[in-house]
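Me: I would like to go through this structure with you residue by residue. Could you take my questions as they come?

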Amino acid sequence: MLTTENTVIGFIGTGVMGKSMAGHLMEAGYPLVIHTRTKEKAEELLANGAQWAESPKEIAEKANVIFTIIGTPADVEEVYLGGDGLVQNGRENTYLIDMTTSTPTLAEKIYNEAKKKGMHALDAPVSGGDIGAREARLAIMVGGDQEAFDQVKPILELLGTNIILQGNAGAGQHTKMSNQIAIATNMIGVTEAIIYAEKAGLDPEKVLKTISTGAAGSWSLSNLTPRVIKGDFAPGFSIKHFIKDMGIGLEEAEKMDLDMPGLALAYSLYKRLADAGESECGTQALYKYWNLENK
């Protein structure tokens, strides 16, 4: 059984979401070793007692439960399977938990390589954005072995409230693709609803108060539309990362001979925003697309 006495947690990636997630683990009493590309992003955690590691290799040498939430599948592959990565340098019976939205194929590859070293790999992407990370109520979608899942679930419960083992390695990533596909087209509807309300001369706050409690209600409508109304386009989840996720979804759909017109449309709209310099904004900045169209 993993406890605060026999567990050292490694955490790689202390960005918008990772910082809060790592903080919850520290608050629960787990010793924490952290690494991120930009050390300044980890300063608060370091000030609160986390130990700094110069590389994933150093994390692997010190921790027996390791979380990652980083950028792209290429980043994930390097951190896990590179010469200075976690699998090459980790110890037997280490638990590797990748919370990055990545590809199912890579998740399976990491699982197989980790298994050869006597390590336990889980793909465990999350949904809930910066709000869910701060409030420790993320949805966590897990792929991997039941035994490994059972071991780390008490730790995962420090980060989220909806934690489900979806199946074998890669199943967590496939589930996250379903999540992102649902969000992609929902964001179009949410944004068009507010644009329409404004053009009709309505008070968007009153409209939101009404429609968010009816059949149109959604997480995006309740949590992101208030930001749009206030003109707040700071990222809880950035456009550049959403484009990456939608691209993975389209590639996986093509492998299954699936036509995904809604996802393809959302991808094209967000790509236009990114090309216009909005890639660092949050996904709610889809609202700005209509400004581009009217120029």
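Me: Is D257 buried or exposed?
Reply: In this predicted model, D257 is exposed, because its relative accessible area is 73% and the cut-off for exposed is over 50%.

Me: Where is D257 found?
Reply: D257 is in the loop between α13 and α14.

Me: And what about phi of D257?
Reply: Phi of D257 is near 60 degrees, which is a positive value in a residue other than glycine.

Me: What is the phi of N93?
Reply: N93 is not a glycine either, and its phi is positive at about 70 degrees. N93 sits in the loop between α5 (86-89) and β5 (95-98).

Me: How does N93 count in terms of accessibility?
Reply: N93 has a relative accessible area of 46%, so it is partly exposed. The range for partly exposed runs between the 20% limit for buried and the 50% limit for exposed.

Me: Which residue takes a positive phi just after α1?
Reply: That is G29, with a positive phi of about 100 degrees.

Me: Staying with α1, why is it described as largely enclosed?
Reply: Helix α1 covers residues 18-27, and eight of its 10 residues are buried, so the rest of the structure largely encloses it.

Me: Which residues of α1 are buried?
Reply: The buried residues in α1 are G18, S20, M21, A22, G23, H24, L25 and M26.

Me: Let us take H24, then. What is its relative accessibility?
Reply: H24, which belongs to helix α1, has 14% relative accessibility and therefore counts as buried.

Me: What does H24 touch?
Reply: Once residues up to four places away in sequence are set aside, H24 touches A133, R134, E135, A136, L158 and L159.

Me: Changing topic: how many aromatic pairs does a search of the whole structure find?
Reply: The search finds five aromatic pairs. One of them joins F233 and Y287: the ring centres are 6.2 Å apart and the planes meet at 20 degrees, so this pair is stacked.

Me: Why does that pair tie together separate parts of the sequence?
Reply: F233 lies in the loop between α12 (225-230) and α13 (239-255), whereas Y287 lies in the loop between α14 (261-278) and α15 (289-293), so the pair ties together parts 54 residues apart in sequence.

Me: Are the two residues buried or exposed?
Reply: F233 counts as buried at 15% relative accessibility, and Y287 counts as buried at 17%.

Me: What kind of aromatic pair do Y289 and W290 form?
Reply: Y289 and W290 form an edge-to-face pair, with 5.3 Å from centre to centre and 80 degrees between the planes. Y289 is buried, with a relative accessible area of 14%, and W290 counts as buried at 18% relative accessibility.

Me: Which residues do ring pairs link into a cluster?
Reply: The cluster consists of F237, F242 and Y270.

Me: On to T185. Where is it found?
Reply: T185 is in helix α9, which spans residues 171-199. At 38% relative accessibility, T185 counts as partly exposed.

Me: What is T185 in contact with?
Reply: Apart from its neighbours within four places in sequence, T185 is in contact with G262 and L263.

Me: How far is T185 from S238?
Reply: The C-alpha atoms of T185 and S238 are separated by 16 Å, and the two residues are 53 residues apart along the chain.

Me: Now the whole protein. How many helices and strands does it have?
Reply: The protein has 15 helices and nine strands.

Me: Why does the radius of gyration agree with a compact globule?
Reply: A compact globule of 295 residues would have a radius of gyration near 19 Å, and the protein has 20 Å, which agrees. Along the principal axes, the C-alpha atoms fill a box of roughly 60 × 45 × 35 Å.

Me: What share of the residues is buried?
Reply: Of the 295 residues, 52% count as buried. The accessible surface comes to about 13,500 Å², and carbon and sulfur atoms hold 49% of that surface.

Me: What about contacts across the sequence?
Reply: Among contacts with a separation of 6 or more, 66% are between residues 24 or more positions apart.

Me: Lastly, how many positive and negative side chains are there?
Reply: There are 27 positive and 38 negative side chains, and the centres of the two sets lie 4 Å apart.

Technical notes
Residues are numbered from 1 along each chain as its sequence is written. Side-chain values use heavy atoms; hydrogens and water are left out. Helices (H or I, at least four residues) and strands (E, at least two) are DSSP runs, numbered from the N terminus. The radius of gyration is taken over C-alpha atoms; the globule rule is 2.2 Å times the number of residues to the power 0.38. Buried means under 20% relative accessible area, exposed over 50%, partly exposed in between (1.4 Å probe, protein chains only). Contact means heavy atoms within 4.5 Å. Accessible areas come from the Shrake-Rupley method with a 1.4 Å probe; for residues, only the protein chains shown count as cover. Lys and Arg count as positive and Asp and Glu as negative; His and the chain ends are not counted. The place of a charge is taken as NZ of Lys, CZ of Arg, CG of Asp or CD of Glu. Rings of Phe, Tyr and Trp (its six-membered ring) pair if their centres lie within 6.5 Å; planes under 30 degrees apart count as stacked, over 60 as edge-to-face and the rest as tilted.
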